[in-house]
Amino acid sequence: MKFTLSWLKNHLDTDASVDEIADTLTDLGLEVEGIENPAAALSEFVIGTVKSAEKHPDADKLKVCQVDYGEGETQIICGAPNAREGITVVVARPGVYVPGIDTTIGVGKIRGIESHGMMASERELELSDEHDGIIELPAGEIGQTFADYLAAHDPAKIDPVIEIAITPNRPDALGVRGVARDLAARGLGTLKPLTVDPVPATFPNPVSVSIDADTVDQAPVFFGRYIKGVKNGPSPAWLQQKLKAIGLRPISFLVDVTNWFTYDLNRPLHVFDADKITGNSLRLHKAQGDETLVGLDDKEYTFPEGATVISDAEGPESIAGVMGGLRTGVSDDTVNVFVEAAYFDPIRTAYTGRAMKINSDARYRFERGIDPAFTPEGMEHAVRMIVDIAGGEASEVVQAGEIPDTSRAYKLDTDRCSSLVGMDIAADTQRATLEALGFVMDGDMAQVPSWRPDVMGEADLVEEVARIASLTNLQPIPMPRARAGVPEPVLTPMQKRLQMARRTTAALGYNECVTYSFIDKAAATLFGGGDDATMLANPISSEMSHMRPALLPGLLQAAARNQARGQTNMALFEAGDAFHGGEPGEQHTLVTGILVGKTTGKDVHGVSRDVDIYDAKADAEAILAAMGAPAKVQILRGAGDAWHPGRHGKICLGPKKVLGVFGEIHPKILQALDVKGPAVGFTLYPAEIPLPKKQTANRGAATIPDLQAVERDFAFVVDVDVEALTLVNAAAGADKALIEDVRVFDEFIGGSLGDGKKSLAVTVRLQPTDATLKEADIEAVSAKIVEKVAKATGGTLRG
């Protein structure tokens, strides 16, 4: 939304500067996006007088001029045909930037003679396209800045242009008068009264208007007046200047007048060439969906079904609320016109404009909601201007439909300003503020003006009061503490766990990802999802049709995209929710990471290798430890189809208490998601980690054993298909209090063991806590280990 300062002053009596107005508008919620101030660009140019003008000795079209601009006579070379002695000119001294030619003036030689400046033309100062000669002023004080001269003699040429951003809830500010009303309510001036002297009717209106019964909700009311005997042509200079200043191209007066009221009073209008209305009748109806129209922009449009159409006896001639038709548009030959002012439903107008891909000033305003009660008055303003400038006689008013009733009132509770906004504003001030904004106070009830569709409740009244009072006056007050002393932790245990998981995983070299919670059905099915319970009713696309059952598919898809772009070695992780149903609460929090490719890039030492299951296991254990999981866990099989059946493990506190899974990703998963292996990963379940028995803000004291640990080696002969993990779990379970660690250090197959047998050697570390172990104690534990392993695997000690 653009307007000039002088345009604003048509509605606001104020002496405020441009900067004061801009600051106030932003504070009121009408953010100023830019200010074009021509005076600032012209402030370095000064007025001078040409004392003499002699022909250049080496150029026929150049003159050597002596110019006085307040610093003594200065020599300037000029090629303008009107450069002569005695004229008053505009001078750019050395060092001054000239916007029209994008040049900073310096001292230079022209055909061997020095020139100390330039005498400017209007085009060089971007005042107009005139460049046949330099500017000649009728008068002017030598040394006076050109900006000051224009301010006194031709202020329109340095009229500042202000551009503001309008939020969708403030359609009233899409007219200059609405902006002026806000500024006046703040106290930055006085709002001038808006009156119109309706043109007396001298004959009946020859054009009839009707609205179909099924279209009344889309076009509730239509007003029109016929004007005969108008003379169309260029608009007055003041109107052209105003429109040009805000970036609109003047076309003809009858067109420009509609643009003027669109921006001035937020009242879109349309002017028909009345002689082109076939049958002297207009009908507002719903489109069937196949009608076509050539718009004023000379493009053909097809109406969508349900759009509001204005038709005459020949067919459609306007897209209601969006754009007029070329067939009934005005031209220089137009002598009789029909002026239309109507109100169209905002939602229907938005649908129509979007379907037909038309952006117009009328659509922009109608779809946000203009003032329906101002419809007849807005038409009268336009008719008065047309008759005063273009002449003619006006008919009686034709009306179809009724103005929508938008009247409503809400109670102003002056005490709520303090509770809702935190500002103490006097009750009288609150009432005065609302009245300045156009509200009518009836006791404590505030009647909402018809131009404010955004005010829909008592809280909106308080918001308006606070906005005009300025939220910059709001004093920050700290909230009272719920209790004295150190406040309780804000984060829940689960939030703390996720925080530690993120920090630890990042510290291990992983890059955090944030993937969509929606994935395609095929990927969801691979991980046990993809059913109707997790299917979206209105998906963004076919690739986002289901809620994710795990975090792995999103990470693997990210890895595939990176591999397609040449990134082969990756460490990615994500902490977030996965979904096992479509109802609230049917979700679980996961921490998932993947390693793809090699551990490092190529190096001279050859330490780079493919990532393997033990990389994933070590990282998973480190993250679980950071989240507070117990150190002693079991590693079991049977994690699911997403993992390699022989190269994965479940980290458990028991058969039913699973803290996480690690291992290689199943090859079929990698193939389906187009990921080139090797790829390993882990998925952890923070919610399964038991909470500490004692809740304390302090970290517990470190427990450092003060007794000597003992290690014993065992070699068991077992069947070749027995998993080492089964043997390790059995040995560890022999005495959970005493056995600290069990690890495999050797495997031997063949030789004297015979077919179908193998030897697994393990080291068992015993850590006493009460007393030093004696040989008898060690032997007793060893016997239990042998017994447990034999029972679990059928193995025997190797002789």
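## Aromatic pairs

Before going on, a word on the model: it is predicted, so local features need a pLDDT of at least 70 and side-chain atom pairs a pLDDT of 80 or more, while totals for chains, interfaces and linings use all residues. Residues are numbered from 1 along each chain as its sequence is written, and side-chain values use heavy atoms, with hydrogens and water left out.

How many aromatic pairs does the structure hold? There are nine, where a pair means Phe, Tyr or Trp rings (the six-membered one for Trp) with centres within 6.5 Å; planes under 30 degrees apart are stacked, over 60 edge-to-face and the rest tilted. In one of them, Phe272 and Phe338 have ring centres 6.1 Å apart and planes at 45°, so this pair is tilted. Phe272 sits in strand 18 (residues 270–273) and Phe338 in strand 25 (residues 336–343), so the pair ties together parts 66 residues apart in sequence. (Strands are DSSP E runs of at least two residues and helices are H or I runs of at least four, numbered from the N terminus.) Phe272 is buried at 0% relative accessibility, and Phe338 is buried at 0% as well.

Back to Phe682: its ring and that of Tyr510 have centres 5.8 Å apart and planes at 70°, so that pair is edge-to-face. Tyr510 comes from the loop between helix 14 (493–507) and strand 30 (511–512), while Phe682 belongs to strand 38 (residues 679–684), so the link spans 172 residues of sequence. Tyr510 is buried too, at 4% relative accessible area. Elsewhere, ring pairs join Trp7, Trp238 and Trp260 into a cluster.

## Helix 12 against helix 13

A pair of packed helices is described by the distance between the axes and the angle between them. For helix 12 (residues 427–436) and helix 13 (residues 458–469), the axes come within 9 Å and cross at roughly 95°. That makes helix 12 roughly perpendicular to helix 13 (65 to 115 degrees; under 35 is roughly parallel, over 145 roughly antiparallel and the rest oblique). Axes are lines fitted to C-alpha atoms, for helices over the stretch in contact, and angles run from 0 to 180 degrees between N-to-C directions.

Which residues in helix 12 meet helix 13? They are Gln430, Thr433 and Leu434, up against Leu461, Glu464, Val465 and Ile468 of helix 13; contact here means heavy atoms within 4.5 Å. The contact residues split into four nonpolar, two polar and one charged (Ala, Val, Leu, Ile, Met, Phe, Trp, Tyr, Cys and Pro are nonpolar; Asp, Glu, Lys and Arg charged; the others, Gly among them, polar).

Four strands make an open sheet in the order 40-41-39-42, paired antiparallel; strands pair if DSSP finds at least two bridges between them. At the edges, strand 40 (739–749) and strand 42 (796–797) each pair on one side only. Strand 40 runs antiparallel to strand 41 (residues 757–766), joined by nine bridges, and Asp746 stands opposite Ala761 in strand 41.

Helix 19 (residues 724–732) packs on this sheet, touching strand 39 (710–719), strand 40 and strand 41, and its direction makes about 145° with that of strand 40. Its buried residues are Leu725, Leu727, Val728, Asn729, Ala730 and Ala731. Among the elements covering them are strand 35 (634–636), strand 39, strand 40, strand 41 and helix 20. Helix 20 (residues 775–793) lies across strand 39, strand 40, strand 41 and strand 42, at about 25° to strand 39.

Another open sheet has five strands in the order 16-19-22-23-24, with mixed pairing. Strand 16 (208–211) and strand 24 (323–324) are its edges, each pairing on one side only. Strand 19 (residues 281–286) pairs with strand 22 (residues 308–312) in the antiparallel sense through four bridges, and Leu284 stands opposite Ile310 in strand 22.

## Two partly exposed residues

Ser6 is in helix 1 (residues 5–9) and is partly exposed, at 26% relative accessible area. Leaving out residues up to four places away in sequence, Ser6 touches Asp159 and Lys242. From Ser6 to Glu130 it is 124 residues in sequence and 24 Å in space, C-alpha to C-alpha.

Glu621 lies in helix 17 (residues 613–626) and counts as partly exposed at 33% relative accessibility. Glu621 and Leu659 are 38 residues apart along the chain, with 9.9 Å between their C-alpha atoms.

Methods
Buried < 20%, exposed > 50% of the residue type's maximum accessible area, 1.4 Å probe, protein only.
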